Amino acid sequence: LKGTSAEAAAEFQYISNVANVLGLNLFEAADAYVSLTAATKGTALEGQATRDIFESVAKAMSTLGRSSAETEGALLAVSQMVSKGTVSMEELRGQLGERLPGAFKIAADSMGLTTQELDKLVSKGQLTAEEFLPKFAAALDKAFDGATFDGYTNGMARLRNSISEAFVLIGDAGAFEVLKFGVDTSGKLVASLAAGLQYLGDVFGATKKFFQTG
């Protein structure tokens with residue numbers, strides 16, 4: 001993450017929050033977010049619009065039980081749309097559609113078009129990413145409203161994230177500083193480890209539920 005150390009820390013905290021809420025691998029989510037922010041820099045999608053698109057796609061993927069790697073692939077397709085400036089079938093029907101079932105129908109609905117009409121528009125290269133993606137993100141939010149993210153895969157991702165964050169804190173501050181009494185990083189480390197215990201409980205709970213209903 002680029003920018004000042006404070007900005008980088010804020011961005012990392014944002015990605016960490018999203019990853020933990022949705023139950024995604026922190027570093028794969030971070031890679032996808034960095035690629036998307038790089039693509040939208042200097043465009044009308046820079047800033048909050050980028051976060052909205054990132055969260056909407058990630059939420060939809062997590063709701064469908066897709067892996068963090070598949071989510072990263074879906075967001076890469078979105079980044080490529082932004083980089084090209086126009087939406088192409090390769091990204092919309094191919095890369096995104098293969099990972100996010102129903103994406104093309106949701107895309108058509110978001111534009112107030114039939115799937116046939118959207119097909120023609122995209123095939124002619126007449127749909128810009130700046131026009132399409134905010135509407136698509138809003139349509140995804142509507143389609144997956146009320147979703148929960150408490151499955152086994154989500155819990156395992158959160159558990160791994162808490163462990164990774166603990167190591168990041170130790171690496172940033174140094175082991176000696178972390179162990180010193182009253183250091184702010186020490187409090188964050190304790191919170192991270194405590195969250196890890198909670199997530200471990202969630203994993204056990206999801207596993208138990210699976211066997212009870214299976």
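## The model and its terms

This is a predicted model, in which local features need pLDDT of at least 70 and side-chain atom pairs count only at pLDDT 80 or more, while totals for chains, interfaces and linings use all residues. Residues are numbered from 1 along each chain as its sequence is written, and side-chain values use heavy atoms, with hydrogens and water left out.

Asp119 belongs to helix 7 (residues 115–123) and Arg93 to helix 5 (residues 89–99), so the pair ties together parts that are 26 residues apart in sequence. Helices, which are DSSP runs of H or I with at least four residues, are numbered from the N terminus.

Asp119 is partly exposed, with a relative accessible area of 26%, and Arg93 is also partly exposed, at 43%. Here buried means under 20% relative accessible area, exposed means over 50%, and partly exposed lies in between, with a 1.4 Å probe and protein chains only.

## Bridges within a helix

A search of the whole structure finds six salt bridges. One of them joins Lys105 to Asp109, with the closest N and O atoms 2.9 Å apart; both residues lie in helix 6 (residues 103–110), four residues apart, which is about one turn of the helix. Lys105 is partly exposed at 45% relative accessibility, and Asp109 is partly exposed at 44%.

In helix 8 (residues 129–143), Lys135 and Glu131 are likewise four residues apart, or about one helical turn, and their side chains meet in a salt bridge with an N to O distance of 3.9 Å. Lys135 is partly exposed with a relative accessible area of 39%, and Glu131 is partly exposed at 37%. Elsewhere, Lys84, Glu90 and Glu91 are linked in a network of salt bridges.

## Helix 1

Just after helix 1, Gly23 takes a positive phi of about 75 degrees.

Definitions and conventions
Salt bridge = Lys/Arg side-chain N within 4 Å of Asp/Glu carboxyl O. Helix = DSSP H or I, 4+ residues; strand = E, 2+ residues; numbered from the N terminus.
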